Structures are given as C-alpha cells and as structure tokens.
Amino acid sequence: MCIRDRYQRRVRENSNSQFIKSFKPASMEIISRNSQFASADRFIPSRSAMDIENSHFNIMTDAKSEVSDYQSSLSDCVFPQAESQILAYKPRPPTARSVAPGPHHVLYSQNIAKSSSVAKKASNRVIPQSSERVLDAPGLVDDYYLNLLDWSSQNVLAVALSNCVYLWNGSTGVSEALVELDQEDDYVTSVSWVADGSYLAVGTNRAEIQLWDVEQAKPLRKMRGHSARIGSLSWNQHILSSGSKDTSIIHNDVRVASHIAARLCGHQQEVCGLQWSSDGLQLASGGNDNILNVWDGFSTQPKFSLGQHQAAVKAVSWCPWQSDLLATGGGTADRSLKFWNTSTGVCLNSIDTQSQVCAIQWSKHHREVITSHGYSQNQLSVWKYPSLSKVGDMCGHSARVLHLATSPDGETIVSAGADETLRFWKLIESSDKLRSSASSTASLKPKSNLSVRMNLR
C-alpha cells in the first residue's frame, strides 16, 4: 500500500469519528465527564456557583446575625445566666481554709452580698421605713457594755445621759430629770425598772447601786458590793441582780439592810448582759469572755456555761411565750443571733446577721425578734421565728444602735444610738392601716413630715 492510500484512509476514519461524536447522547456525555472527574487527582470548584462578594464581606466585617428584641427578651427570661455553664465537667473548687476571724477580716466581710442564709421572704408585714418620733439625747455614752435604756410598765422611759437619768412620759410626752450624780468621774452605767414601774435602779461607774422612788422623785437607798462599774441590772420581784466589770454577779435583796443574798462567779471578764426569765426561774448572763451562763434560780453554780459565741455576749432576751427559750447576740467578731433551749442547753438555731448585735427584743404581738446592730448599716432588723427569715430593716441611725426597749403595749420600740438620738418605731398598726398600706405602694414611703424631733433634756 502506498503512502497516499494510508493518508486518505486516516482522513476518512477521523471524519467518521467526529461525525459519531456529534450525535452522542447527553447521558453518555455526563457519564464520561463523571468518570473523568472521579479519576482526577484534585477538585476544581465552579466559581459561578459561589457568591464571592458576600463571602468577602463576611470575612472582612465578621458580621453576626442579628437577634430580634423578642428573642433577646425571651432568652433573658428563660435563661437568666445563659453565658454561664449549666453543667461543668470539671473538679470541684477547693474548700476555703477555716481561718479564725480577726478584726480586719470581720470589718471587711460585713454586709457584703448575702447568701441564702439571710434571704428575705415575701411577707404581708409592714415595717416602718422611718421613725415616727426622734428625741435628741446629748451625752449618751457610746459604750457597748452598758445598758442605759428601759421602758416601765407605767409607760415611762428611763434613759441615762452621762451623769444624769431622764424620764420621758410616753402618755404626755413630758421629760424630766430624776438623777444627777455629783462626783466628777462618775456617770450612769445601767438602769432598770421594777416590774410595777414604781422604782428605778441605777448603776454607776463608781460601783454603786441607787434605788429611786419615781413618784416621790427621791432616792430610797444606796447599795455597795462590787469593786468596779455596774453595767447590767435585772429584777426578780424583790431581788435586784447586778453584773459588774469585776466579773461577779450579786443578788441584792432590797428589803433588808444586809442586801447581798448571793455572789455568783461564773465569768472571767465584765458581765455586760443580764436578764431574768419572765417566770423568775432562770437567770441568763453574758460576758466579755464570750460566755453565756444559765443559772437555775438563786444557785451559785451555772446550770449551763455555753461558749459558742466568738465575741462578747451583751444582747440577752427571754421569749415572752416560752419560758425556756432564750435569744442571744454576739459582738463584732461573732455577729451571730442564737436561740437556746435552756432546759437542755441546746442551741436550737443560729444565723449570721453580718454585723455586731447590740440588743434584742421579742415582739409581744408576732412571733418575731427585733435586733439592733452596729457597723456598717446601724440598722434595726426584724426576724421571723423560728424560720429566721428577715422581715425587713429599719434604718435611720448614723452610728451603732446600742440599746432597745419596748413600750408596755408592745406596739412601739425605741432605739438609742451612739449618734445621740432616740428613735421611736411603730411596729404594730391597726387592721385598717395594714390594709391601706398593702394596697398602696405610696403609703410605704417614709413621711418625713410626721417625724417629730425633740430634745430630751
């Protein structure tokens, strides 16, 4: 075969193959393409299927999808802590070391964000937001260990100001001076009314007890037996018990000349809290040695000597409806409010009040306890018993609230502060006032025009 014939045959074969390819079905073309891509070593994307401009904008601006206001508010309500982990699969944090509370630790840890231990509960009780009356009390001694305020059953308030004792009549609003000490270095350190309100006992810095007839406005007798100031007094019928800085307690029988009936030695430091139970069967004493003693009758040995408090125990108060229930409060390094069964010596409950407890009063109309406090809020607090949920706070003093006393009808409580003021708080209102207060939020706001300010002297 010649070269020309071979050339012509190849031209004919090529033309036939191109003619056949032009009539190839579309399905065969797709199959051939897929097989070609499957055997390829890399994938080349189709630029026409991509939004290049939108992708470039998102990369350059880091745009985030916007959430509607409805979705945002719904998320906040359903998941209030959505940013925090609900379940964290990691070890528990180490437990903090138990460190004895020092003075700086106590001061800087008071009144911070509270834990659930003092969480408030909803209550229908209306707590006054301002005092209804204010009396100036210049000369009120700022001393945690003294007891300078008492309210008699005849509605007469006794308050000690420096070396004087003033009486304020709750019925007439008239005040008058009863006692004035003559010695230059002497001042009143405690006052206490007898049960019927006819006599007032006055303790002094010079370790003397004076007994005064209020109706006649004259002293009846003076009693000695202590060697240091008398910071606490409490009556049990004709027996006047006195607690002193000399660490002793003396039972004084005011009917006889030799008045010392017994001397109790159960404390190592000053006795600053002293109170007989309402039935007269037990005596509670608190000292600067952080000890609470419970005495049966006139026994010379304590039935219980309780050391759970970590600071001075000045605030001591017996429950009016349960004779063996005692409430106590600790000082700055303790800050706790404790409740005791004095028949068994068991601490029934305790709560950290977050500040120094200066005084305690039980409510006569509700199952509640009122406490007064020091740094940093200087407030009065109302607590439910036995749940110990806080009903509310009453603020107004600018310095620690050292003393509390309750009116004979139990409707009003008076507080004496280191800011040299007496403030009267109306705790009990009529049912009409309670209903109007509950229905109107405006009535809960303090009404400064109703607050009466006077001078006690």
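Among contacts in the chain between residues at least 6 apart in sequence, what percentage join residues at least 24 apart? The answer is 48%, with a contact meaning heavy atoms within 4.5 Å.

Before you click on anything, a word on what you're looking at. This is a predicted model, so local features need pLDDT of at least 70 and side-chain atom pairs count only at pLDDT 80 or more, while totals for chains, interfaces and linings use all residues. Residues are numbered from 1 along each chain as its sequence is written, and side-chain values use heavy atoms, with hydrogens and water left out.

**Stop 1: the whole chain**

Switch to a cartoon view. The chain has 6 helices and 29 strands; these are DSSP runs numbered from the N terminus, with helices (H or I) of at least four residues and strands (E) of at least two. Of its 457 residues, 43% count as buried. Buried means under 20% relative accessible area, exposed means over 50%, and partly exposed is in between (1.4 Å probe, protein chains only).

Now colour by pLDDT, the predictor's confidence in each residue from 0 to 100. The chain averages 82, and 70% of the residues score at least 70. Select 113–122: pLDDT stays under 50 there, and the model has 10 contacts beyond four places in sequence for this stretch. Do likewise with 431–451, where pLDDT also stays under 50 and there are 16 such contacts. Where pLDDT is low, the predicted coordinates should not be read in detail.

**Stop 2: the largest pocket**

Next, select Asp-150, Ser-234, Gln-275, Trp-276 and Gln-361. Of the 45 residues that line the largest pocket, these are the closest to its centre. The pocket has a volume of about 1,300 Å³. On a 1 Å grid over the protein atoms alone, a pocket is an open set of points with protein on both sides within 12 Å along at least five of seven lines, whereas a cavity is a set where a 1.4 Å probe fits but cannot get out; lining residues have an atom within 4 Å of a point. Points are joined across faces, edges and corners, and a volume is the space filled by probe spheres set on them.

Among the elements that give two or more residues to the pocket lining are strand E2 (149–151), strand E10 (230–236) and strand E26 (401–406). By class, the lining has 23 nonpolar, 18 polar and 4 charged residues. Here Ala, Val, Leu, Ile, Met, Phe, Trp, Tyr, Cys and Pro count as nonpolar, Asp, Glu, Lys and Arg as charged, and the others, Gly among them, as polar.

**Stop 3: His-403**

Stay with strand E26 and pick out His-403. Buried or exposed? His-403 is buried, with a relative accessible area of 4%. Leaving aside neighbours within four places in sequence, its contacts include Leu-146, Lys-314, Ala-359 and Val-414.

**Stop 4: the cavity**

To find it, select some of its lining residues, including Trp-362, Ile-370, Thr-412 and Leu-427. Strand E22 (357–362) and strand E27 (412–417) each give two or more residues to this lining. The lining divides into 4 nonpolar, 5 polar and 1 charged.

**Stop 5: salt bridges**

A search of the whole structure finds 11 salt bridges, each a side-chain nitrogen of Lys or Arg within 4 Å of a carboxyl oxygen of Asp or Glu. Show Asp-253 and Arg-255, whose side chains meet at 3.0 Å, N to O. Asp-253 is buried at 11% relative accessibility, whereas Arg-255 is exposed at 58%.

Then try Glu-368 and Lys-384, which meet at 3.5 Å, N to O. Glu-368 lies in strand E23 and Lys-384 in strand E24, so the pair ties together parts that are 16 residues apart in sequence. Glu-368 is buried at 1%, and Lys-384 is partly exposed at 27%. For a network of salt bridges, select Asp-143, Arg-229 and Glu-270.

**Last stop: Thr-300**

Finish in the loop between strand E16 (292–296) and strand E17 (304–306), where you'll find Thr-300. At 40% relative accessibility, Thr-300 counts as partly exposed. Leaving aside neighbours within four places in sequence, Thr-300 is in contact with Arg-263, Leu-264 and Trp-295. Draw a distance to Ile-249, 51 residues away along the chain: the C-alpha atoms are separated by 9.7 Å.
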